[in-house]
Amino acid sequence: MFSVADREFMRQALQLAERGLYSTTPNPRVGCVIVRDGAVLATGWHEKAGLPHAEALALKAAGERARGATLYLNLEPCSHHGRTPPCADAIVAAGVGRVVAAMQDPNPKVSGAGFAKLRTAGIEVEHGLMEDEARELNIGFVARMTRGRPWVRMKIAASLDGRTALANGKSQWITGEAARADGHRWRARACAILTGHGTVRDDDPRLNVRGVDTPRQPLRIVVDSRFETPPSARVLKEGKTLIAGAVRESKRIAALEKAGAETVIIPNDRGKVELFKLMEALARRELNEIHVEGGAKLNGSLLQAGVVDELLVYLAPSVIGDSGRGMFDLPEPTELSASTALKIREVERMGEDLRILARI
């Protein structure tokens, strides 16, 4: 069905799309390549919501040469009016002869309508080429569109025996410089960085992206049931911060909002934040990927709530011992079959440390 040349041009489209890794949110990352007779006529990639889409940029660069050409892109062209006009209309108007897309758009506003519009205009349409790679690139967007929750990636730095800090809470630095730099790249691609009140209290983190060339900083989110985050906390400086609580502590809320924070109250029946509903609320804010950097209590609660999709674990070549703090505060299972099953996707060396990417 697809030729070697098709695969090569789709690979180029995916590489172009990846240029928007840190900037396109809440939109998907999309790249486009226009080809005639085996030669690339023009390319484009979507950089930021509100700016022209990849197809529009490539078509503009190709001009009249696009007539009868083949257009490759990693996501079905949009068919609705949003911040920009429908790309499917532009493709039809340009007279493109064939469109090859990696995957159908999971957005219910599109979801096959773009392909249908192209076919109605007599354009040959094929999709499914390198679909797995395309889905991975936009995994947060796909998750938000198909299930109404963001993709949640939990980052943990630990010793080889699974300890994230000493008993007194000291954790800087368990892993090396290469692992910490890599962690900032994962932060940069996320729409928000989420932590708990305990981490803010113990470490006073900034929760921003450093050492990465990125045009934006992710939203910072603190899960803080009683709104105990001090207004002087560094997480409230230099950027937007959302604090999710469970009780109406009016004075504390007023002080946090005066310090620049936004607050929401999403309680469960135990006086804690209802984490599943929090994730649904974050999806309504058009957040695709959430990057978690919390302590054992929050990590365990998120895991039990069923909202964690992926673990990003950095293991250092050191041993701390049983007195150190663990990764997850969870009830003890009575059978091994009750433990949380993971699928290891990647294991890579980061300096002296190991990076493990595992999915629930």
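**Side-chain contacts and surface of the predicted model**

Arg 234 counts as partly exposed, at 40% relative accessibility. Here, buried means under 20% relative accessible area, exposed over 50%, and partly exposed in between (1.4 Å probe, protein chains only). The model is predicted: local features need pLDDT of at least 70, side-chain atom pairs count only at pLDDT 80 or more, and totals for chains, interfaces and linings use all residues. Residues are numbered from 1 along each chain as its sequence is written, and side-chain values use heavy atoms, with hydrogens and water left out.

Arg 234 forms a salt bridge with Asp 204, with 3.9 Å between the closest N and O atoms. A salt bridge is a side-chain nitrogen of Lys or Arg within 4 Å of a carboxyl oxygen of Asp or Glu. This pair links distant parts of the chain, 30 residues apart. Arg 234 sits in the loop between β8 (219-223) and β9 (241-245), and Asp 204 in the loop between α8 (197-203) and β8. Helices (H or I, at least four residues) and strands (E, at least two) are DSSP runs, numbered from the N terminus. Asp 204 is partly exposed, at 27% relative accessible area.

The whole structure holds 28 salt bridges. One of them joins Asp 322 and Arg 163 (3.6 Å, N to O). Asp 322 lies in the loop between β12 (310-316) and β13, and Arg 163 in the loop between β6 (151-159) and α7 (177-189), so the pair ties together parts that are 159 residues apart in sequence. Asp 322 is exposed, at 71%, whereas Arg 163 is buried, at 19%.

Glu 249 and Arg 226 also meet in a salt bridge (2.8 Å, N to O). Glu 249 belongs to the loop between β9 and α9 (250-258), Arg 226 to the loop between β8 and β9. They are 23 residues apart. Glu 249 is partly exposed at 21%, and Arg 226 is partly exposed at 39%.

The structure holds 1 aromatic pair. Rings of Phe, Tyr and Trp (its six-membered ring) pair if their centres lie within 6.5 Å; planes under 30 degrees apart count as stacked, over 60 as edge-to-face and the rest as tilted. Phe 9 and Tyr 72 form a tilted pair, 5.3 Å centre to centre, with 45 degrees between the planes. Phe 9 lies in helix α1 (residues 4-17) and Tyr 72 in strand β3 (residues 70-73), so the pair ties together parts 63 residues apart in sequence. Phe 9 is buried at 9%, and Tyr 72 is buried at 3%.
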